[in-house]
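Here are my notes on this model, as numbered points.

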Amino acid sequence: MATTATATAPKSTMQRILDVVEKVGNKVPHPAVIFLALIGVTIVLSQVLAWTGASVTYEVIDEATHQVKTVTTEAQSLLTRDGIRFIYSSLVPNFMGFGAVGLLITAVLGVGVAEESGLVKALIRKLVAIAPPKSIAYILIFIGILSSIAADAGYLVLIPLAGAAFLSIGRHPLAGLAAGFAAVAGAFTVNMLIKPLDAVLTEFTNDAVRSVDPALQIGLTSNLWFSIASVVMLTFVITFITQRVIEPRLGKYTGEKPADENAGDAAAESRGLLFAGIALGAVLVVFALLTLPSGAALRNPGPGPDAGSLIGNSPFMNGLIAFIATVFFAAGAAYGYGAGTFKKFNDIIKAVEKQLSALGGLILLLFIIAQFIAYFNYSNMATILAVNIADILETANIGPFWLLLGFIIVVALLDLVITGAIAKWAIFAPVFVPILVRLGVDPEAVLAAYRVADSPFNSITPLNAYFALVVTFAIKYDKNAGVGTIVALMLPYVIWTFIAWTALFFLWYFLGLPWGI
């Protein structure tokens, strides 16, 4: 790696393995070429599976009615008339419906202004000044895990912030990026707060358990205690891996450190932060009026049991990225005017244009990824694979411990090809929840096991829409960085968080601790 100092001590076996992973991974073609090749493989394989008549019959939860229904899914060829029509007619809808693109551009509208105005660097300087250097990693990782309350915003805000923060205190920025990525992606299903995903996963669990005991239901906070413990444990595990594995491997950062033109003007920075604070206060007042009063516009309008709620399925939570973008835009613009980095409104427009122009290559890649995911889903290959593996576990006739362990391992591995937490649970809940409940396992424990399994592998699968974004962040600090760089950085996190989290789950399970409220 270009920015890594020459090692003076013998490398461990793990370090040598990671070096090989990075070297091999960086020799593969550009990610865009890889996904174009995968599209070709998917098209051919879809035809082969269709010729063999591959199909599965299984129970699944209908997302609209929340009823368990039996469906048969057959392999669909992309080389039939219907398949060719789909490829031709869905090109634009696939891209427009790819949520990562909209989130990315929306976030950049706000975060880009904060970045270009100098607000982000000023906040990092303040954080470094008031927090002990050894606590920086803990703080960033903890916030990164909690950022899942804002859906995917952590990918767009926290990860680059972690890289910049590490650089500002003389640590390797790639280690910061890796720690941020591990926190945001590798612990996505848990939080100390209730988030929209919890409502969906809980409802699917209840839908599945009705087939065994209609009176047995779990609540929205059924995994709260386990989630809180998981956040604390993962904060320490990810920090430990960063400091003991990742940073020693990277060595001292010898690349260029971006110049900060405003770092020496303390008066301008203080004035800018004051203006930013006022702007933040104004935004919070506006959103308080839109969310806190009973019947406020951004509360759940109903009907239903969630009518009037703010947390969970509400307009505010569903559109939280808009709130985040507004906060960063207002605070960034105010800081710019106060610190003198922005003189007129056109400067703000130019700041956004500069940030968006840097996304050109990433948007091209996301366009290709959107097509691949759409074609892969159309072929039904992932569903056929998932159901067949689930059937094997279901008929294995093993005890609850081994079934839970097998369930965790299978879901974790399938996360490499089915990244959506909701999509996987819609398939697995009707299969595993009834089986395990009949074996005396609480439905809360089954859902907790799913949370453990669904997250750790998020950071090494190229099907994660934000994997390519992290590669782009890394290139900022190391022009030779590539897919192999990120995979090699993230593998230790994946391995050890998966082991530690699984161990925590079974410790919790055998001690009989309450999973939540």
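1. N380 sits in the loop between α16 and α17 (381-394). Helices here are DSSP runs of H or I with at least four residues, strands are runs of E with at least two, and both are numbered from the N terminus. N380 is not a glycine, yet its phi is positive, about 70°. Most residues other than glycine have a negative phi. N380 counts as buried because its relative accessibility is 17%. Buried means under 20% relative accessible area, exposed over 50%, and partly exposed in between (1.4 Å probe, protein chains only).

2. On provenance: this is a predicted model, where local features need pLDDT of at least 70 and side-chain atom pairs count only at pLDDT 80 or more, while totals for chains, interfaces and linings use all residues. Residues are numbered from 1 along each chain as its sequence is written, and side-chain values use heavy atoms, with hydrogens and water left out.

3. Y378 belongs to helix α16 (residues 360-379). Y378 has 16% relative accessibility and therefore counts as buried. Beyond its neighbours within four places in sequence, Y378 is in contact (heavy atoms within 4.5 Å) with Q76, S77, L78, D82, G83 and F86. The pair Y378 and S77 is 301 residues apart in sequence, but 8.3 Å apart in space, C-alpha to C-alpha.

4. Helix α21 (residues 467-477) is mostly covered, with eight of its eleven residues buried. Those buried residues are F467, A468, L469, V470, V471, F473, A474 and Y477. What do they pack against? The partners are α5 (99-117), α8 (153-168), α9 (173-186), α16 and α22.

5. The side chain of Y253 reaches the backbone oxygen of Y477 at 3.2 Å. Y253 counts as buried, because its relative accessibility is 12%. G170 is 83 residues from Y253 along the chain, with 7.8 Å between their C-alpha atoms.

6. Next, helix pairs. Helix α18 (residues 400-414) packs with helix α22 (residues 483-511) at an angle of about 150°, the axes being 12 Å apart. Axes are lines fitted to C-alpha atoms, for helices over the stretch in contact, and angles run from 0 to 180 degrees between N-to-C directions. α18 and α22 are therefore roughly antiparallel to each other. The classes are: under 35 degrees roughly parallel, over 145 roughly antiparallel, 65 to 115 roughly perpendicular, the rest oblique. On the α18 side the contact uses P400, F401, L404, L405, I408, I409 and A412; on the α22 side, F498, T502, F505, F506, Y509 and F510. By class there are twelve nonpolar residues, one polar and no charged. Here Ala, Val, Leu, Ile, Met, Phe, Trp, Tyr, Cys and Pro count as nonpolar, Asp, Glu, Lys and Arg as charged, and the others, Gly among them, as polar.

7. Helix α7 (residues 136-146) and α8 pack at about 175°, with axes 10 Å apart. They are therefore roughly antiparallel. A137, L140, I143 and G144 of α7 meet L158, A162, A165 and F166 of α8. The class count is seven nonpolar, one polar and no charged.

8. α19 and α20 pack at about 140°, again with a stated axis separation of 10 Å. That angle makes α19 oblique to α20. The contact is formed by A421, K424, W425, V433, L436 and V437 of α19 and P443, V446, L447, Y450 and D454 of α20. Nine of these residues are nonpolar, none polar and two charged.

9. Is K424 buried or exposed? K424, in helix α19 (residues 421-438), counts as buried because its relative accessibility is 1%. The side chains of K424 and D454 are joined by a polar contact of 2.5 Å. A polar contact is a pair of N or O atoms within 3.5 Å; within protein, one must be able to donate a hydrogen and the other to accept it, and residues adjacent in sequence count only if both atoms are side-chain atoms.

10. R451 lies in helix α20 (residues 443-454). R451 counts as buried because its relative accessibility is 1%. Its side chain makes a polar contact of 2.9 Å with that of D198. Leaving aside neighbours within four places in sequence, R451 is in contact with T189, V190, D198, L201, N223, S227 and W501.
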